[in-house]
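Here is a short note for a colleague who has not seen this model before. Please read it with the structure open.

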Amino acid sequence: MSEVNRRFIEESFPVREVSVHSAREKNIRHGHISTLHIWWARRPLAASRATAYAALTPPPTDALEWQKQSDFIADLSDWDNALNRSLLDRARRAIYAAHAERLSAELGRPVTVADIEAGRVPPPRVLDPFAGGGSYPLEALRLGCEAYANDYNPVAVLILKATLEYPQRYGTQMHADATNRHGSIREHLSHQSQSVPHSLYLPRLEPAPKAANPLLAAVKRWGDWVLEEARRELAGFYALTPLAPSPKWGEGVQETPVGYIWARTLPCQ
């Protein structure tokens, strides 16, 4: 393999540091995609982000740079840095620089990071043929790559769409405008695979207000619809229960049960 195609992960990798961050993720619930739907063998985001970066950047040339690169990968895999703009910008620039060097050699003409950012040449393309819960393609998007995710299981496909496609297609209006400027989201013909060509992380855009997020509004609307339908159908089984009079609550106070203990009686033989 030529030196221009040699990558950091082929030479070394900060396994211990990334493993610590990956193990920590198991205790994180708020904001983690694992809460979207339970999926077995879900890959940690920390490991996915770190390996994606290490597989797309070249190895350093001296010992000091080796240590700096290893420390950077360890910092990049930290959950607290998942949305760190400066860190992700630095990672993206390094990935684009390596990709530009490779494209320059392949095309026989100079290709720059600015060419990739402007869409004149495609960013690195990452394919996960067994994407499952979507950890790896999600992190590839976060690093500015063009991610292709595929899975045979239809449940995994729905998780992938909700993780990778729907936030970009139906998310904030500002993100939708950015997608229209840079190109549309392409899909494979198969209903069990999809392509998301642009980065999930858009550093030049400020977050849109919640009111401008059509996806959030749609999820709330249909979630409320399901809740009301369930209440209507199950009202006869989970009726309001009058409480006994008490000095604290007073007469006629009612509450809605939130849980029942189901028990079965077996007569002794």
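1. Glycine 144 comes after helix 6, and the phi of glycine 144 is positive, near 90 degrees. The model is a predicted one, and the values below are computed from it.

2. For orientation, the protein chain holds 9 helices and 5 strands. Read from the N terminus, the order of elements is α-α-α-α-α-β-α-β-α-α-β-α-β-β. The protein chain has 269 residues, of which 38% count as buried.

3. Helix 6 itself is mostly covered, with 7 of its 8 residues buried.

4. In soluble globular proteins, nonpolar side chains tend to be buried together. Here the largest nonpolar core has 35 residues, and Tyr53, Ile73, Leu76, Ile95 and Leu143 have the most contacts inside it. At least two residues of this core come from each of helix 2 (45-56), helix 3 (63-76), helix 4 (85-107), helix 6 (135-142), strand 2 and helix 7 (154-170). Helix 4 gives the largest share, 7 residues.

5. Strand 2 spans residues 146-150 and includes glutamate 146. Is glutamate 146 buried or exposed? Glutamate 146 counts as buried because its relative accessibility is 4%, under the 20% limit. The side chain of glutamate 146 makes a polar contact of 3.2 Å with the side chain of arginine 125.

6. Two cysteines can be set side by side. Cysteine 145 has 0% relative accessibility and therefore counts as buried. Cysteine 268, at 81%, is over the 50% cut-off and so counts as exposed. A disulfide is a covalent bond between the sulfur atoms of two cysteines. How many disulfides does the model contain? The count comes to 0 disulfides.

7. One surface feature should be noted. Trp222, Trp225 and Val226 form a nonpolar patch on the surface, and together they have about 350 Å² of accessible area. Tryptophan 222 belongs to helix 9, which covers residues 214-234.

Conventions. Residues are numbered from 1 along each chain as its sequence is written. This is a predicted model: local features need pLDDT of at least 70, side-chain atom pairs count only at pLDDT 80 or more; totals for chains, interfaces and linings use all residues. Side-chain values use heavy atoms; hydrogens and water are left out. Helices (H or I, at least four residues) and strands (E, at least two) are DSSP runs, numbered from the N terminus. Buried means under 20% relative accessible area, exposed over 50%, partly exposed in between (1.4 Å probe, protein chains only). A polar contact is a pair of N or O atoms within 3.5 Å; within protein, one must be able to donate a hydrogen and the other to accept it, and residues adjacent in sequence count only if both atoms are side-chain atoms. Patches are made of residues with over 30% relative accessible area and no salt bridge: like charges are joined within 9 Å, nonpolar side chains (Val, Leu, Ile, Met, Phe, Trp, Tyr) within 5 Å. Accessible areas come from the Shrake-Rupley method with a 1.4 Å probe; for residues, only the protein chains shown count as cover. A salt bridge is a side-chain nitrogen of Lys or Arg within 4 Å of a carboxyl oxygen of Asp or Glu. A disulfide is a pair of cysteine sulfur atoms within 2.5 Å. A nonpolar core is a set of buried Ala, Val, Leu, Ile, Met, Phe, Trp, Tyr and Cys residues joined through side-chain atoms within 4.5 Å.
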